[in-house]
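The following note sets out points for a colleague who is reading the structure. Please consult the sequence and the coordinates alongside the numbered paragraphs.

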Amino acid sequence: MNRAATPKNVPRLSAVDLELFANRLTGVAEEMGVVLQSASMSPNIKERRDFSCALFDAAGDMVAHAAHIPVHLGSTPLAVRAALDAMELQRGDVAILNDPYAGGTHLPDVTLVAPVFTARGKKPFAYVADRAHHADIGGGKPGSMALATDIHQEGLRLPPVLLMRGGQWVRETLTLFLANTRVPDERRGDLEAQVAALRAGAARTLDLVSRFGERAVADAMRELQDYSERLVLARIGRFPGGTHTAEDLLDDDGAGGRDIPLRVSIRRRGRTLEFDFRRSGEQVRGPLNANLAITTSAVFYAIACVSGRDVPPNGGMMRPVRILTKPGSVVDCTFPSPVAGGNVETSQRLVDVVMKALARALPGLVPAASGGTMNNLALGGRDAIRARPFSYYETIGVGCGAGPRGDGGSAMQTHMTNTWNTPVEVLEAYYPMRVHRYGVRRGSGGSGAHRGGDGIVRDIEVLVECDVTLLAERRRRGAWGLAGGGDGKPGADEVIDAQGRRRRIDAKSSLTLAAGERIVVATPGGGGWGKAARTAKASAGHSPSKKGPRRAPARS
Amino acid sequence: MCKRQGLSGLRAGRRAVIVRACADILRRRSRVAMPSSRRPTRLAIGVDTGGTFTDIVFADGRGRGRLKVLSTPGDPARAVLDGFAQLFGERRPDLFTYGTTVATNAMLERRGARTVLLTTEGFEDVLEIGRQARPDLYDLEPHRAEPLVPASRRVGVRERVLFDGSVGRALTAAEVRSVVARVRALGAESVAVCLLHATANPDHERRLGRALAPLGIPVTLSHEVSPTVGEYERTSTAVANAYVQPKVAGHIRALAAQSGAKRLRVMQSSGGAIGSETAAREPVRTMLSGPAGGVAAAAAVAVRAGLRRIVTVDMGGTSTDVAFVDGEAPRRADTAIGGFALRVPCLDIHTVGAGGGSIAEVDEGGALRVGPKSAGADPGPACYGRGLDATVTDANVVLGRLPAAHFLGGSMHLDVERSRKALEPLRAAMRVRRVEDAAEGIVRVVEGNMERAIRTITVQRGQDPRSAVLFPFGGAAGLHACGLAEEMGFPEILVPRSPGLLSAIGVLDGRVAIDRLVPLSCIDPSWKWLAAQAAAAARGIRTEVMREGFASSAVRVSTFVRARYLRQSIELEVPLEEDFRARFDDAHRALFHSADPARALEVVGLRVSGSGEQPPPRGKPLAVRTNRRVEPSNTMPVVFGGRATPTAIVDREMLPVGAEVRGPAVLTEYSSTTVVAPGWKARVDVDHNLRLVPA
């Protein structure tokens with residue numbers, strides 16, 4: 001990642017070819033995604049699209065990814081690296097892994113890596129990889145998002161091992177894997193879909209090779225990374241000098257620890273942009289720890305956002321970036337810390353703190369904080385109605401932070417995730433649940449010249465006794481406003497029993513609901529942007545900024 | 001042979017400006033024989049109403065003719081009827097097939113009906129939340145399209161149907177009454193109803209539909225317009241239908257009555273025509289009506305020209321539609337227009353809000369934006385003499401690429417000074433020296449918008465535009481074809497005859513085709529049982545097609561199974577035959593590199609498709625005078641790359657087969673204008689297509 005930009009980094013492909021190859025290589029990853037989604041079995045993958053696909057060059061550097069889930073995309077390169085370090089993949093082999101301490105991020109995210117061989121190639125020409133969130137991977141609670149204090153409570157750990165050898169399933173691996181999940185049928189279907197996607201990716205890569213030749217495709221894979229590096233370098237050149245520091249806090253770790261600080265200092269050192277997280281808090285007892293892969297992916301995401309849309313996100317983009325962490329901290333945790341929420345919650349706060357620092361460096365570009373949580377909800381148990389075990393997982397959108405260009409969007413997935421929802425009609429047909437409300441949480445966005453977006457209210461009744469894990473953030477402090485804008489409303493969660501009595505529950509809760517009980521999750525709004533102009537006049541409750549920004553400071 | 005009528009008699013008080021009534025009715029010629037089997041009196045008309053122009057082509061057994069009039073957005077029927085009066089006088093058409101973008105434009109420009117949405121209580125915001133994802137992953141300030149129905153007009157209904165069709169909460173008579181009262185109080189002009197699990201049990205939707213009927217406003221029931229599972233897509237489809245319906249239905253019914261056509265059909269997004277009553281009820285099926293006709297016609301022209309892979313770019317006044325055709329136009333089960341999900345069968349056409357009438361403005365950030373707002377036909381581009389919005393058309397006029405004196409064959413005068421005046425404020429805001437510089441900026445931006453659309457359907461799907469031929473049509477695409485080809489590396493451009501009328505030609509030639517979905521939910525059913533389920537829908541479709549004037553023997557009905565492996569994601573469609581299970585496994589293997597014949601198969605529905613077999617209305621191609629010499633009518637300065645360059649202005653209709661014109665040249669013709677940029681040359685092929693290649 002830190003390979004320095006060489007003086008040889010000058011364009012060799014024409015602008016048109018570069019653009020065409022960027023799209024062709026991204027097309028490989030996109031087609032993998034279409035196959036994975038279409039062939040998968042669990043609603044979490046087929047409806048929510050909680051997966052990502054990417055293409056890597058012969059050295060294992062990321063060439064292109066499909067625009068899927070940011071927290072996957074920035075961290076998958078480390079998974080491929082771990083697989084290549086652990087084994088030499090042969091023709092027809094597929095490696096599987098999920099161990100956060102060997103290339104993974106959190107256990108439900110299962111990554112498959114396969115080499116692509118040309119017809120006569122002796123060594124892999126490229127690699128394809130896909131990562132999908134499996135709705136259950138064992139552990140203390142259905143959904144494998146338990147409030148653990150140790151990784152072993154979170155589920156099955158898979159360091160890189162072979163799932164297929166020479167095109168055949170390795171029965172031992174598969175049997176062992178399926179024996180450790182609560183819904184083996186579904187897992188098997190999803191794994192088959194992941195394998196199908198790898199095959200499609202390999203086939204499309206070989207198509208390109210047969211059309212343009214091995215040399216041209218290999219060159220293009222390298223050129224594309226060089227190109228991204230050049231663009232990022234050019235932009236780093238305009239980054240203001242000095243150190244830009246910010247701090248943000250996680251509410252708690254679900255195991256007693258509160259106000260966990262995340263701190264970053266961003267500074268430009270010549271041709272390198274340095275992100276120093278070393279002053280962040282120590283790793284915590286509860287599952288809010290992020291490993292280095294997650295911290296890397298948060299920085300990757302922020303760079304992709306502020307670089308502008310014309311920079312193809314790939315390995316080259318990160319070459320001029322340096323990330324400093326302290327092992328054993330909450331942003332670079334060590335074995336055997338639990339990590340389930342690091343991937344989904346700490347990653348969001350990492351983006352918040354990076355954006356806050358960038359807002360200081362580049363005022364007028366970065367919007368206020370978005371909801372800052374994925375509102376993870378996992379429900380599972382035995383479905384007496386359909387006579388089968390079930391495990392359901394979803395994340396719920398929030399309000400976006402308002403920015404210089406206008407109000408924040410409402411009810412959306414932000415930053416490190418972009419999963420779709422499971423349609424209520426599908427959810428109810430597959431699981432013993434009934435949804436009572438799925439609506440916008442009006443008035444939850446922060447005030448300001450531009451209002452923060454509103455969060456969501458989701459109200460789900462369980463029809464059978466059910467284990468529930470809620471893992472959410474921004475319940476004590478709302479998403480921060482910017483440039484004088486107000487903070488968004490924090491989230492709030494409650495359980496309604498069969499008699500209609502309501503009780504508040506912690507944002508990090510593990511509970512058993514009886515049949516007929518409901519869990520209601522109200523997600524945070526986004527921060528506002530800019531001082532609300534003469535609030536007395538605009539008190540009718542209307543957003544004063546519907547028509548767009550007023551007197552927005554110039555973008556730097 | 002060509003009757004021309006000027007504008008003189010048709011001015012004041014008319015909302016429709018007939019810019020030219022020119023019926024090129026071909027005399028008998030030995031080269032193209034008239035099909036002797038046709039009754040010479042049968043008059044078939046194809047009309048394509050765009051946001052700016054309404055195109056009319058017809059065949060009456062003796063030949064074909066054409067007319068292009070300005071659209072009348074306030075009452076789109078006026079333009080059509082005035083056109084008919086010009087062309088046919090009192091004569092009534094036997095068959096009138098209609099392609100319309102009225103529905104699309106009403107939605108994109110948000111000029112539809114004041115719509116109320118009824119949902120299951122607690123789900124009023126499904127329309128707004130969509131699928132919860134943001135459209136652009138790395139956008140710092142992501143936004144989705146504002147819903148067509150605001151929160152204040154989304155009404156929750158106390159009722160609940162469960163996934164298996166059972167009723168969790170009954171819909172009481174009192175609730176029905178109170179809902180109807182609220183709909184009335186909200187001043188609804190149209191109502192969409194989408195209740196949860198309505199495809200499993202449509203009873204509650206139907207009861208609301210019946211109770212709303214006395215209000216006398218259109219009601220769209222989601223299970224009828226899109227019988228598919230998934231509440232957001234179904235809601236969005238129903239809302240779009242309701243939103244555009246009053247406008248479209250009123251328009252179609254007025255046309256049916258006033259045109260006196262014996263039969264009126266409307267082109268659907270899927271490329272087949274349906275009866276006017278179905279279209280008036282379900283206009284969402286016609287969202288890509290005109291464009292579908294154009295792509296179908298383009299595919300036919302390409303095949304005749306020996307081309308397999310083409311990229312069609314149909315640029316009209318309001319929007320540009322692009323499609324990639326590889327032998328035939330690909331289909332899809334759903335689409336999104338302007339960020340709104342529509343789950344109805346359609347051709348795979350990508351639309352962007354970039355047309356000749358697209359308005360250019362400099363935004364607060366100092367960037368030049370073009371579209372999606374359009375000046376349409378009224379007031380139209382500044383050069384039309386009414387509005388003062390600077391549009392793409394004005395930019396082309398300023399640059400000399402759209403010769404003011406030759407627009408629509410010289411029948412409509414373009415006011416160059418007015419265009420310059422409209423661009424002047426932009427010039428200042430852009431801080432450039434000359435109005436021409438601003439004009440070239442507008443052209444570059446709009447071509448960039450078109451390029452992005454083309455990339456979506458080619459490069460992003462693994463297709464290289466450099467291996468395809470660019471196929472511009474519509475009134476304005478010929479102005480931008482060379483610029484696009486240079487940017488994207490198309491090796492050749494084919495401009496068909498009468499490019500501005502191609503959609504209308506496709507509509508005229510369109511066949512009747514009706515699709516209905518039958519939602520099911522069953523595992524491993526026998527094909528006999530499925531065939532029995534399809535029977536009722538098949539009978540209904542047969543009747544529907546026969547109502548379009550076909551004998552029972554001329555109706556073909558086929559049924560497709562929509563299925564997936566149990567609990568898998570996207571369903572595949574295979575013909576309902578005895579071996580449908582094996583066909584499904586084969587299709588799955590072909591697409592996803594794997595199949596499992598032992599796995600349980602879940603059937604989610606049937607698609608029953610009926611079509612009427614008929615020979616397309618024939619008649620000779622549009623008139624072209626082939627025996628005249630090329631006479632550049634004159635040479636005028638046209639701006640290319642900042643320099644005014646002496647450029648030949650040539651009447652395309654004077655060009656014989658085999659003629660060659662070197663750029664820079666501007667080829668004018670009745671329905672369109674083609675710019676041959678410096679460094680390009682154009683040749684007329686045997687079918688009278690223009691073939692442009694780098695010189």
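This is a predicted model: local features need pLDDT of at least 70, side-chain atom pairs count only at pLDDT 80 or more; totals for chains, interfaces and linings use all residues.

**Note on cysteines, cavities and strand pairing**

1. Cys305(A) counts as buried, because its relative accessibility is 7% (buried means under 20% relative accessible area, exposed over 50%, partly exposed in between, with a 1.4 Å probe and protein chains only).

2. Residues are numbered from 1 along each chain as its sequence is written, chains are lettered from A and ligands numbered from 1 in the order in which they are written, and side-chain values use heavy atoms, with hydrogens and water left out.

3. Strand E8 (residues 243-252) of chain A has seven of its 10 residues buried, so it is largely enclosed by the rest of the structure. Helices (H or I, at least four residues) and strands (E, at least two) are DSSP runs, numbered from the N terminus. E8(A) runs antiparallel to strand E9 (residues 258-269) of chain A, and nine bridges join them; two strands pair if DSSP finds at least two bridges between them. Within this pairing, Glu247(A) has Arg263(A) in E9(A) as its bridge partner. The two strands form a hairpin with five residues between them, and Gly254(A) in the turn has a positive phi of about 80°.

4. Further along chain A, five strands make an open sheet with antiparallel pairing, in the order E14-E15-E20-E17-E18. Its edge strands, each pairing on one side only, are strand E14 (433-441) and strand E18 (502-504) of chain A. Neighbouring strands of this sheet are turned by 15° against each other on average, direction ignored; axes are lines fitted to C-alpha atoms, for helices over the stretch in contact, and angles run from 0 to 180 degrees between N-to-C directions. E14(A) pairs with strand E15 (residues 455-462) of chain A over eight bridges in the antiparallel sense, and Val435(A) stands opposite Ile460(A) in E15(A).

5. Ala515(A) is placed in the loop between strand E19 (508-513) and strand E20 (518-522) of chain A. With 45% relative accessibility, Ala515(A) counts as partly exposed.

6. How many cavities of 30 Å³ or more are there? The count comes to 15. On a 1 Å grid over the protein atoms alone, a cavity is a set of points where a 1.4 Å probe fits but cannot get out, and a pocket is an open set with protein on both sides within 12 Å along at least five of seven lines; lining residues have an atom within 4 Å of a point. The largest cavity holds about 530 Å³ of space, where grid points are joined across faces, edges and corners and a volume is the space filled by probe spheres set on the points. It is lined by 44 residues, and those closest to its centre are Phe53(B), Met315(B), Gly316(B), Gly317(B) and Gly475(B).

7. The lining of the largest cavity divides into 15 nonpolar, 23 polar and six charged residues. Here Ala, Val, Leu, Ile, Met, Phe, Trp, Tyr, Cys and Pro count as nonpolar, Asp, Glu, Lys and Arg as charged, and the others, Gly among them, as polar. Helix H13 (477-488) of chain B is one of the elements that supply at least two residues of this lining. H13(B) is mostly covered, with nine of its 12 residues buried, and Gly489(B), which follows H13(B), has a positive phi near 80°.

8. In chain B, strand E30 (residues 634-640) and strand E31 (residues 643-651) run antiparallel and are joined by seven bridges. Their hairpin has two residues between the strands, and Gly641(B) takes a positive phi near 55° there. E31(B) is also joined by four bridges to strand E33 (residues 665-668) of chain B, and these two run parallel.
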